[in-house]
Amino acid sequence: MNNDRIKQCVHNAVRGDASAFGELYEEYATGMYKFALWYLKNPHDAEDAVQSCALKAYRNIACVKKPESFRSWLFQILANACKDMIRNRAREDLTVDEIDSPVFDSYEDGTVTRLLSNLSEEERRIVTLSVLGEFNSREISRMLGVNENTVRSKLSRSLKKLRELCETA
Amino acid sequence: MDDLQFIKEKEREEKIPVPAALSRNAIENQIAAVKPKKKKKGKIIAFSLPAAAALFLALAFFVLPNVSIVSRYIPKNGTFHAKNAQSLGFQSYDSIAEQLSEIKTAYEKDRKENTHYWLSFGYEKSSDSAASVEFNGFAEEPAAPVPQDKAAEYVRNDELLGVDSANAGADGAKEHSDTNKRDDAVDEQDIVKTDGEYIYYLPSGGTTIYIVRADAEKLTKVSQIENRAEASKYQDYFTGMFLTGDKMVVTGEEFFETPQGDINRFTSVRIYDIADRSNPTEINVFRFKGYSESSRLIGNKLITVTSTGFDLYSFRKDDISTFVPCYYCGTEEKFVEAQDVVLPENTTPDGFISVFTLDLTNPEQTEPETISVMTCGAAVYCTQSTLYVYSMQYDYADGSKDITQIISFDITGEKAEYIAKGTVDGSIGDSFAIDEFDGYLRVAVTECTYGNQWKRVCRVVVLDRELKQVGATEGIGENESVRGVRFMGNTAYVVTFLNTDPLFVIDLSNPAAPAVKGEVKLPGFSAYLHPIGENLLIGIGSGGTETGTDGSAKISLFDVSDPTRPKEVNSLVFKESYLNTDYKAFVDLKDGSYLAGLTEYSDDYEHFVVSLVRIGVTDGQLSLLTRYRINADEYNYGDEPRGLFIGDTVYAAAGTEKWDYPEVNYSEEIPGGNIYVDEDATLTTPPYEPSYTRTVFINAYDKNSGTLTGSVTLYQGEE
């Protein structure tokens, strides 16, 4: 999908054309679901997060001013939706570990999705934000409230670790 | 390949099916009940990116070619154009409207008849809705009146520091650096300039130009020019500047919001009188509708290229603002004359490339000469006599491939004249990949065909004055893409890259049969090539191994004296680093040495050392002569340093950003804050946002020793 097309879809969606938004959504749906899954480690929560993100994005579609930043805008909303999900879970007094179940174990050996279970919660989130969200260290630092340099070192360490695991798997 | 790239590629292979509840249909049903919120009135955010990209963004610049393109679809039946389309100007606005109406009719008819085709691009929902769905594609909003108050003076000098009493101009200036440009006679806008006495610096964000008197180690801020970013109706920012004697030309972009909430985009050109450097005064301002593509200054002639969208659905016969670009001289609104609107043959009118030529001999009185061509364009290449505007398009009509459309203008007169329109297969990725010599235009392209088999191949193509192809090399670098290119007379040096870097030498002396003369394969690749005399080339880029880049930066020296056997003489490799490959950041010190910007990071990625490095060729070998450190130990993100020199002093204009994180008691949760996930996966929230300080400064160094001799802080605050 090129920028002109994104621009046109946004233009139409602002005027209430749900199918124009649908087209934008479809372009990113796979990536969004994977992002939420990696981030939340739970397919049900991931589903909820993507749904709530889609709704929020459509409500606020008029905020999109520049087509090239659409993806980043959308994933920012998704990251917030994921964080809300964690917050809600925390309020329900469930820790992430209790609810995540062996979700990642159901994926094939050697896949990045499976190997993510070798990372800590924070490392996994940083990797998700970077690899799938395509955010830079500064943005991740702002989103997670972690020092930017910490993000950078954790990211490089985690990626290195994942790569080694991939190569040996 | 770096780890991030590796994981990304691996991840892309893993398909995770999306649950049915998240299908497009399901989501569309869900959102059917809600309506999007209306646009908020008020401040429009400037779309400027901080100049210094974050680490991985910076790396991405090495991985991907720097491409400046506008893309668009080409309708299946080629184009929608009037039968009597003319490449010359129109008689009157009425005749433009007439032709456009005719095209619009044909266009709508085709959409009804070929719904299936349009549907396949998602242009239509279903066949029966074809007539009712509004097609607003590629639209730019109609023109809005410019607020009267915009004519007000913009210059503010309320923050003067140490005003220099000697306000003499730039007379008797020492030898100094110039912007590294394509053609010495064609000046290019830049964010840092010097006249040998003063340094003019526009840091990222585009809000302020600082004028600094530079007397060896003594740096004094003399004045500053600000734009009015605080105004609520619109926001504008500066994009670059030119110096011409005691005048400064500043280009910028402005956004207007109409009462309907639509945003209009204008390119601004402001002319300042800087005879008194401590008190610059605006003497004229012009605003041209459209995105600012680029500007060039040739002698006293300023050429500004803008592009703006046009769409047949907003087009109304009775409203000239829907089909002719407007511009403002001060506050007076004008439209491009009908005679100056060009619709080339076989062209679907889907945008405007406008060329505004200003004679700066008498800037108080001057008025722009205009020409507008009804098509898309994005990137600019300009020689002393010809201007080329090109853009990439996706050609679905002919087997799904990238093509590049090129429009040329004769700029020898007071006014730019349209010459021709042409296309080549493939994309032109780099501003050095297009070059005119001896009446021929040569372009280095990366051809890409999609479909079942994605295929890429690089090539050098030669076009004549009418932009008709006269010759092309065989495909070079299969499945690679063009990275660095340098044309020198009848020879082209082309770097392509996939895992290793082949440097090809191409002989163009017979335009009809350009041929590859020789090649050398090396690890890594050069993104910018700078010639030294006729036999040597410096390559600025990334180092690597047989399998790809390895995170190191590399400066290579190539010996091309024997075109059949180019070779790398030697190279400087900086581990875990990157070089600024923007050609304007490469500075010729005019003594056989050059400056390049280098960022190195430590093993733990926690520290950056940013410096300018001075390199030179001694005894036939490339060597590192001096290193000018911008920041002693830690460099947070900011504006990548830009080097310049006056006499024996090297200056670095840069900016840093510092983030301070407060001590956080993680046991305390504060609602509404950010979620912090610590090592034990317990969820807490930090109490405050980190504090942020930005510093913009210019440092002075002794050229030979590299010692810091002076510095001036231009800005410090939480901008």
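Which residue of E15(B) is the bridge partner of B:Thr306? In this predicted model, where local features need pLDDT of at least 70, side-chain atom pairs count only at pLDDT 80 or more, and totals for chains, interfaces and linings use all residues, the partner is B:Ser354. Residues are numbered from 1 along each chain as its sequence is written, while chains are lettered from A and ligands numbered from 1 in the order in which they are written.

The two strands concerned are E11 (residues 301–309) and E15 (residues 351–359) of chain B, which pair in the antiparallel sense over nine bridges. Helices (H or I, at least four residues) and strands (E, at least two) are DSSP runs, numbered from the N terminus, and two strands pair if DSSP finds at least two bridges between them. E11 and E15 belong to an open sheet of six strands with mixed pairing, in the order E1-E10-E11-E15-E16-E14 of chain B. At its edges lie E1 (187–188) and E14 (341–342) of chain B, each pairing on one side only. Strands of a sheet pair through backbone hydrogen bonds, either parallel or antiparallel.

Chain B holds five helices and 43 strands, whereas chain A has nine helices and zero strands. A residue is called buried if 20 or more other C-beta atoms lie within 10 Å of its own, exposed if 12 or fewer, and partly exposed in between, with C-beta atoms placed from the backbone. By this count 53% of the 169 residues of chain A are buried, as are 44% of the 719 residues of chain B. Residues are in contact if their C-beta atoms, placed from the backbone, lie within 7 Å. Among contacts between residues at least 6 apart in sequence, 64% in chain A join residues at least 24 apart; for chain B the corresponding value is 57%.

Within chain A, helices H7 (residues 121–131) and H9 (residues 148–168) pack at an angle of about 90°, their axes 9 Å apart. Here axes are lines fitted to C-alpha atoms, for helices over the stretch in contact, and angles run from 0 to 180 degrees between N-to-C directions. H7(A) and H9(A) are therefore roughly perpendicular, a label given to angles of 65 to 115 degrees (under 35 is roughly parallel, over 145 roughly antiparallel, and the rest oblique). Contributors to the contact include A:Ile126 and A:Val127 of H7(A), together with A:Leu155 and A:Leu159 of H9(A).

Leaving aside residues up to four places away in sequence, B:Val212 touches several residues, among them B:Ile199, B:Leu219 and B:Ile698.

Two backbone details deserve a look. A:Glu134, in the loop between H7 and H8 (137–144) of chain A, has a positive phi of about 55° although it is not a glycine. A:Glu134 is partly exposed, with 18 other C-beta atoms within 10 Å. B:Asp438, another non-glycine residue with positive phi, has a value near 60° and sits in the loop between E21 (434–437) and E22 (440–449) of chain B. B:Asp438 counts as exposed, with 10 C-beta neighbours inside 10 Å.

Conventions. Contact = placed C-beta atoms within 7 Å.
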